[in-house]
Amino acid sequence: MRSALLIQRWYRQYVARLEMRRRCTWNIFQSIEYAGQQDQIKLYNFFGFLMDHFTPASSERNLISHIFRENEVFQDVEWEPYFCYKSIEVPDTYTGPHLTFPLTVSNITELVEAFKHKEQLHARFVLQLLGETWRLLRVLPNITEVSTCHSKEITICGDLHGHLEDLLLVFYKNGLPSVETPYVFNGDFVDRGKDSIEILLILFAFQLVYPNDVHLNRGNHEDHIVNLRYGFTKEVLGKYRLHGKKILKLLQKIFSWLPLATVIDQKVLILHGGISDTTDLKLIAKLERNRYVSALRPPKCRQAVKSKGPGGQYSDGEGDRYSAAGRRRVRSLTHSNPATARHELQRRSLQAYCIRTSPNVEEELRERRRWAGLTASYERIHDPISSDSDPDTGEVLETDAEEWKQIVDMLWSDPMPQDGCIPNEVRGGGCYWGPDVTQEVLNRHNLRLLIRSHECKQDGYEFCHDRKVLTIFSASNYYEVGSNRGAYIRLGPDLNPHVVQYQASRSTRELTLRQSVGRTERSALRALREQLFAHKSDLISAFEEYDPEHTGVISMKHWAVATETVLHLGLPWRVLRSQLVGCSTQDGMINYNDWFRELALMDPNKELAHTGLLETMYRHHSNLETIFRIIDTDHSGLISFEEFRQTWKLLSSHLKMEISDKAISDLAVSIDFNKDGSIDINEFMEAFRLVDCSHAQILDSINEGLTSDLQQPTSPS
């Protein structure tokens with residue numbers, strides 16, 4: 001009996017330690033992910049600053065102006081040419097699926113089978129399918145109302161993020177969408193995974209065949225600006241080299257027409273991100289959602305466009321449960337609250353980010369121009385208050401700050417355990433809302449439950465706020481193979497959610513818990529070491545503040561404080577020390593110079609080290625790639641030396657740092673491998689990937705560290 005109790009105690013300690021490691025690993029992945037989203041919003045806000053304050057004639061402004069034109073409101077007739085597919089011929093050598101319209105179930109079955117076997121749908125059929133989807137979405141309301149009375153259960157899926165294997169597994173376990181098996185897909189279909197376009201085409205096809213039984217909500221990744229950073233743009237251009245640009249253009253339009261929410265039996269609200277203390281479903285139901293091509297910036301119109309609203313349902317405000325009388329219009333979102341404090345340019349919260357016309361704006365602009373190396377083209381400041389029009393972007397008309405905030409909150413917000421509603425400074429957009437806000441919003445709209453996605457959960461789902469908020473995430477193995485399960489919800493007439501979990505990777509299902517945690521942990525630590533290496537200069541400066549005698553040695557406490565001060569990841573650094581700091585420690589002190597050498601990260605292209613831009617390249621790798629994609633307006637994957645120079649000048653202006661023309665020129669010459677005067681974006685980005693040196697030694701040292709950290713009691717014999 002005593003032996004059994006000892007074994008039980010040992011096993012519980014063992015599982016508890018594994019769970020602690022798993023949670024710590026999770027925090028690493030999530031902190032790095034959210035830091036990247038915050039960087040994305042800061043960069044886009046900086047571009048907005050350039051657009052609002054620099055002259056329309058400036059060349060640097062013209063480099064980025066086209067991404068803001070996407071937010072202009074065009075008449076539908078202007079989009080018709082983009083949907084033209086008849087001139088595209090399907091060659092006899094094409095062996096993939098053929099679609100006929102109107103679509104049939106057999107068409108979709110053929111399409112799904114083709115994607116299972118890695119076949120590609122021809123661009124002609126892609127454009128035709130997108131055109132039909134656009135025409136359907138235009139007549140749908142902002143908030144779709146669904147009833148369970150016609151079926152036993154409705155299935156709700158969360159983020160898929162390009163994980164086709166997860167979608168196919170859901171279909172295998174739950175059945176294909178049909179009248180008997182309706183689905184709600186809650187946004188974030190694209191980015192990160194490698195099969196985003198295939199997921200979109202499958203979902204669009206099912207929605208065309210079953211428009212009353214397949215419902216799609218918009219997520220924060222259904223946004224062309226976000227797609228530039230997180231892979232969807234690159235994926236489409238790689239798979240459809242000839243017609244990829246047109247496909248992306250159409251998808252921008254389609255994303256803007258996706259409904260924003262779904263309500264089941266007038267009791268369960270489904271939306272992608274969340275709510276805030278100002279969420280108003282009546283206002284959401286009436287706004288013109290297609291104006292928000294990107295939710296990161298309020299739209300500007302070429303001309304006053306009177307819209308009937310989505311599908312025309314809400315034009316008169318009658319006969320709809322969520323209708324409301326008129327909308328308050330303001331001149332500009334950026335000047336809607338003049339009483340707001342005027343401090344630093346780069347805000348951590350998207351709604352809080354506004355361009356101020358304070359007395360210091362001239363000084364700020366002069367400083368920005370100096371960093372960017374700009375001179376004559378910026379002699380005149382474009383003042384968004386005094387000027388009513390812009391020759392480049394068209395007339396700047398009214399934007400509705402309240403509408404924009406509603407959409408941003410719906411797409412970007414996260415729940416928190418404390419009461420209240422505060423800016424989401426971790427992601428940089430939306431808000432954190434508490435249980436009191438959930439209760440108030442549900443009561444005000446006579447709802448019982450809020451189902452949302454947006455956050456990866458280790459088990460694929462999570463209840464919070466007294467089980468009134470349910471997060472569902474359907475992309476398993478999101479951060480790394482074995483990092484998390486996927487899940488979906490079945491909701492019957494009783495409106496009690498039944499969660500089904502799964503793991504798409506068979507190899508992961510065969511791993512023990514310890515093997516799965518160890519594999520995921522190694523991946524997380526590798527990503528964290530890359531972050532540390534990329535901030536080497538700032539870290540050394542922070543360490544030296546605690547080392548006035550320049551001994552090269554500081555305490556572990558100071559190491560942890562300085563590391564968090566530089567990286568702002570909110571991680572338990574002292575807990576992580578055994579995995580990140582090895583033989584460079586002695587008696588609670590760390591030799592930080594030796595520690596950097598222990599990180600064992602090197603640059604695979606040592607011949608480029610003389611440029612002096614390596615650390616900047618590593619640290620701002622994603623930002624630089626985003627700027628490249630923006631400047632590459634023809635989506636050819638190539639940019640000229642001059643565009644390369646302007647890219648770096650934009651980045652230097654954004655970061656407020658000096659980068660000399662000579663350093664940029666030397667880098668361009670070094671990276672022009674075939675000496676044709678142009679730079680391949682993909683080759684350039686791959687040339688600066690951080691790699692592990694002595695990979696096997698690193699894994700061995702990590703495993704040893706983990707073993708020592710998990711000193712397990714000897715099991716009784």
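Me: Which helices cover the buried residues of H8?

Reply: This is a predicted model. In it, the cover over the buried residues of H8 includes helix H6 (196-209), helix H7 (224-230) and helix H9 (244-257).

Me: Which residues of helix H8 are buried?

Reply: First the general idea. An α-helix has 3.6 residues a turn, so residues three or four places apart point the same way. Now the case here. Helix H8 spans residues 232-239, and its buried residues include Phe232, Thr233, Glu235, Val236 and Leu237.

Me: At what angle do H8 and H9 pack?

Reply: The angle is about 140°, and the axes lie 8 Å apart. Roughly antiparallel would need an angle over 145 degrees. H8 and H9 are therefore oblique to each other. Their crossing is right-handed. On the H8 side, the contact is made by Phe232, Thr233, Val236 and Leu237. H9 contributes Gly244, Lys245, Ile247, Leu248, Leu251 and Phe255.

Me: On to strands. What is the strand order in the open sheet of three strands?

Reply: Strands of a sheet pair through backbone hydrogen bonds, either parallel or antiparallel. Here the order is E7-E9-E8, and the pairing is mixed. Strand E7 (414-415) and strand E8 (421-423) are at the edges. Each has a single partner strand, so one side of each lacks a neighbour in the sheet.

Me: How many bridges join E8 to strand E9?

Reply: Three, and E8 runs antiparallel to E9 (residues 431-433). Ile422 stands opposite Tyr432 in E9.

Me: Which strands form a hairpin with five residues between them?

Reply: E13 and E14 do. Leu495, in the turn, has a positive phi of about 60°. Strand E13 (residues 486-491) and strand E14 (residues 497-502) run antiparallel, joined by six bridges. Ala487 stands opposite Gln501 in E14.

Me: Is Gln439 buried or partly exposed?

Reply: Gln439 is partly exposed, because its relative accessible area is 30% and buried means under 20%. Gln439 sits in helix H13 (residues 435-444). Its C-alpha atom is 9.6 Å from that of Asp466, which is 27 residues away along the chain.

Me: What is the mean pLDDT of the chain?

Reply: Where pLDDT is low, the predicted coordinates should not be read in detail. The mean for this chain is 77, and 71% of its residues reach 70 or more. Over residues 302-320 the pLDDT is below 50, and the stretch has 36 contacts in the model beyond near neighbours in sequence. Residues 692-717 are also below 50, with 38 such contacts.

Methods: Residues are numbered from 1 along each chain as its sequence is written. This is a predicted model: local features need pLDDT of at least 70, side-chain atom pairs count only at pLDDT 80 or more; totals for chains, interfaces and linings use all residues. Side-chain values use heavy atoms; hydrogens and water are left out. Helices (H or I, at least four residues) and strands (E, at least two) are DSSP runs, numbered from the N terminus. Buried means under 20% relative accessible area, exposed over 50%, partly exposed in between (1.4 Å probe, protein chains only). Two strands pair if DSSP finds at least two bridges between them. pLDDT is the predictor's confidence in each residue, from 0 to 100. Contact means heavy atoms within 4.5 Å. Axes are lines fitted to C-alpha atoms, for helices over the stretch in contact, and angles run from 0 to 180 degrees between N-to-C directions. Angles under 35 degrees count as roughly parallel, over 145 as roughly antiparallel, 65 to 115 as roughly perpendicular and the rest as oblique. A crossing is left-handed if the near helix is turned anticlockwise from the far one by less than a right angle, and right-handed if clockwise.
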